[in-house]
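This briefing covers one predicted model.

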Amino acid sequence: MAIPTLFPGGKGDPTNQALQRNVRLSERIKQLMKFAGKNYGKWLYRFSSHPRFCYWAFNMIQKMRTLQQTGIFLKQNPGEAHLTIDELREMAASDNSAAFISKVSRYVANIAGSNAYWHRVKEDLKAIITNVGTPTLFFTFSSADMHWPELHSLFGENSDNSSEAKRQNVG
C-alpha cells in the first residue's frame with residue numbers, strides 16, 4: 001500500500017509474501033519495471049515512469065538484503081554452550097530478558113557501508129600491507145600533448161604552432 005496508484009487495493013504488490021512461487025523480490029521488481037500496457041496506441045511503462053517507484057523499489061531491495069545478511073549470535077560463553085533453542089526462547093520471553101539481551105550480538109560486517117564493514121576492510125588492508133608491503137601508485141596524465149593549445153601557450157617564447165616547438169615544450 002506504499003504506492004496505491006500502482007497497486008490499487010494492494011494487488012500486485014511485490015512485497016506480498018502470499019505468492020504461489022518463491023520469487024526473489026529483485027526479480028519481482030525487475031518484472032514490474034518491464035511491464036507495459038497499451039494506452040491510446042502507445043506503450044505505457046507505469047512502474048518505470050513513476051516518479052517514486054524506482055526509489056521505493058531500491059529501498060525495499062536494500063532492506064531485504066540487509067535483513068538477510070545480518071546475523072545475530074550469542075557471545076561465546078562456555079557456561080551456556082549447553083542451552084537449547086527452546087531454553088533461549090524462554091530466556092528471551094522471561095522477565096529477566098535484559099540478561100539475555102546482554103549476551104546477544106549482531107554481525108553486520110558483511111553489509112557494505114556499515115561501520116563494521118569499513119572496520120573489516122581497514123583490517124584487511126592492514127593485513128595486506130603487513131604481508132605484501134606498502135602499495136605503489138603510478139599514474140600518468142595524457143591529454144594529447146601535441147594537440148593542446150592551452151598548454152603550449154603557457155611556455156611563452158616557444159608558443160608558435162610548429163610541431164618542432166611543441167615537441168620542445170613537452171620534451
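Helices (H or I, at least four residues) and strands (E, at least two) are DSSP runs, numbered from the N terminus. By this definition, α3 gives the most to the lining of the largest pocket, with four residues. Residues are numbered from 1 along each chain as its sequence is written. The model is predicted, so local features need pLDDT of at least 70 and side-chain atom pairs count only at pLDDT 80 or more, while totals for chains, interfaces and linings use all residues, and side-chain values use heavy atoms, with hydrogens and water left out.

**Chain**

- The chain holds eight helices and four strands.
- Read from the N terminus, the order of elements is α-β-β-α-α-β-α-α-β-α-α-α.
- Of the 171 residues, 16% count as buried (buried is under 20% relative accessible area, exposed over 50%, partly exposed in between, with a 1.4 Å probe and protein chains only).
- Among contacts (heavy atoms within 4.5 Å) with a separation of 6 or more, 43% come from residues 24 or more positions apart.

**Helix α1 (25-34)**

- L25, R28, I29 and L32 are buried in α1.
- Because these buried residues of α1 fall within an arc of 95 degrees seen down the axis, they line one face of the helix (the arc is that of the directions from the helix axis to the C-beta atoms).
- The packing partners of the buried residues of α1 are α2 (46-49) and α3.

**Helix α3 (53-69)**

- With 17 residues, α3 reaches 24 Å from its first C-alpha to its last, close to the 24 Å expected at 1.5 Å a residue (the expected span is 1.5 Å times one less than the number of residues).
- F53, W56, A57, M60 and I61 are buried in α3.
- Seen down the axis of α3, its buried residues fall within an arc of 135 degrees, so they line one face.
- Y55 and F58, on the other side of α3, are exposed.
- The buried residues of α3 pack against α1 and α2.

**Largest pocket**

- A pocket is an open set of points on a 1 Å grid over the protein atoms alone where a 1.4 Å probe fits, with protein on both sides within 12 Å along at least five of seven lines; lining residues have an atom within 4 Å of a point.
- The largest pocket holds about 200 Å³ of space (the volume is the space filled by probe spheres set on the points, which are joined across faces, edges and corners).
- Its lining consists of Q17, V23, R24, L25, S26, R28, I61, M64, R65 and Q68.
- α1 and α3 each supply at least two residues of this lining.
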